[in-house]
Every structure is written in structure tokens, then in C-alpha cells.
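This report goes through charged contacts, a charged surface patch and some backbone features of the model shown here. The sequence and structure come first.

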Amino acid sequence: MPALINGTAYSWSQVVINILNQRVTGVKKIMYKESEEIQDNYGAGNRPVSRSFGKIETEGSIELFMSEIEALTAAISTGRLQDIPEFDVVVSYLPNNGTIVSHVLKNCRFKTNGREASEGDLEITEEIELQIAEIIWK
């Protein structure tokens, strides 16, 4: 059996998420990523001679327990998550024996609002798509 080299790995139990400057504990899952348009430019020969970079696109979602969603909707008069103005989401990974990592999802908006429940459900959650302007990785 190999020895532990760097101690504790990052895990879900060490994730802390803040929305609207409040710690949110009713989170089941969070996903965010970015992609950049990259193109090879060809000149003489059959190999690229340079590379061009285009727009950066982001996407993300957050799965919340219904109680967390209802707390958010109670704070706005329309009850529509989409009516909450732009906000930042801070996702921090706080390992016991390692480096703290934080990412900031800038100027987010909730894109969807819904509920789904079925017979036998022991918990009710909803995955909500996020519109993210930028991800600060450091």
C-alpha cells in the first residue's frame, strides 16, 4: 500500500460556497467551466504557423435543496430566481492539510427556476443553470 504523499485530498466535505455574501450549505453539486475559441493558422506547408485566440465562454450550474431555493425566492418580490440581480459565487476548497483554493464566479444570474419531486424521493433538489460572466481562477 503506497504512503500518503501530500496528506488529505480535496473532497466535497471541504467545499464552502458563498452566494450573495452568505454561506450556502444546502448545495448538492456545483459545476463551472470555461472554454476558449482557439484556431490554428496555416501558411506555407501543412503545419500551423501561428495560433489565434477568440472569445472565452463560461457555463455552470448549481444543485440546491428546495429549502435553499425557497429561501432565495422569499427574498425577492416576484419569486423568480431569474430576477435576482448579478451576484458573485465564491467556491472555496478548504483541505485540512493543504492549500486553500478559491474560485470566484463573477456576475452570475440564475437562468432557470423549477421544482421536480417524485414518489419515493427522500430529498428534493433542483439543478439551476447559471449565466457566468467570468471565472477568476486565482
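## Salt bridge between R80 and D83

R80 and D83 are joined through their side chains by a salt bridge, with N and O 2.8 Å apart. A salt bridge here is a side-chain nitrogen of Lys or Arg within 4 Å of a carboxyl oxygen of Asp or Glu. R80 is partly exposed, at 40% relative accessibility, and D83 is also classed as partly exposed, at 32%. For these classes, buried means under 20% relative accessible area, exposed means over 50%, and partly exposed lies in between (1.4 Å probe, protein chains only).

The model is predicted: local features need pLDDT of at least 70, side-chain atom pairs count only at pLDDT 80 or more, and totals for chains, interfaces and linings use all residues. Residues are numbered from 1 along each chain as its sequence is written, and side-chain values use heavy atoms, with hydrogens and water left out.

In total, the structure has nine salt bridges. One of them pairs R109 with E86, where the closest N and O atoms are 3.3 Å apart. This pair links distant parts of the chain, 23 residues apart: R109 belongs to strand β6 (residues 101–110), and E86 to the loop between α1 (66–74) and β5 (87–93). Helices (H or I, at least four residues) and strands (E, at least two) are DSSP runs, numbered from the N terminus. R109 is partly exposed at 27% relative accessibility, and E86 is partly exposed at 47%.

A salt bridge also connects the side chains of K111 and E129, at 3.2 Å from N to O. Here too the pair links distant parts of the chain, with K111 in the loop between β6 and β7 (125–131) and E129 in strand β7, 18 residues apart. Both side chains belong to partly exposed residues: K111 has a relative accessible area of 39%, and E129 is at 38% relative accessibility.

## Surroundings of E86

What does E86 touch besides residues up to four places away in sequence? The contacts of E86 are N107, C108 and R109, where contact means heavy atoms within 4.5 Å.

For scale, E86 and L72 are 14 residues apart in sequence, and their C-alpha atoms are 14 Å apart in space.

E34, E36, E37 and E134 form a patch of negative charge on the surface. Patches are made of residues with over 30% relative accessible area and no salt bridge; like charges are joined within 9 Å, and nonpolar side chains (Val, Leu, Ile, Met, Phe, Trp, Tyr) within 5 Å. Lys and Arg count as positive and Asp and Glu as negative, while His and the chain ends are not counted. The place of a charge is taken as NZ of Lys, CZ of Arg, CG of Asp or CD of Glu. Accessible areas come from the Shrake-Rupley method with a 1.4 Å probe, and for residues only the protein chains shown count as cover.

Strand β3 (residues 27–42) supplies the largest share of the patch, three residues. E37 lies in this strand and is partly exposed, with a relative accessible area of 46%. S35 is also in strand β3 and is partly exposed at 42%. Apart from neighbours within four places in sequence, S35 is in contact with K55, I56 and E57. From S35 to E116 the C-alpha distance is 30 Å, across 81 residues of sequence.

## Backbone in the loops

Most residues other than glycine have a negative phi. L20 has a positive phi near 55 degrees and is not a glycine. L20 sits in the loop between β1 (15–19) and β2 (22–24) and is partly exposed, with a relative accessible area of 41%. N21, likewise not a glycine, has a positive phi of about 60 degrees. N21 is placed in the loop between β1 and β2 and counts as exposed, at 77% relative accessibility.

G98 belongs to the loop between β5 and β6. The relative accessible area of G98 is 45%, making this residue partly exposed. G98 and G120 are 22 residues apart in sequence and 40 Å apart in space, C-alpha to C-alpha.
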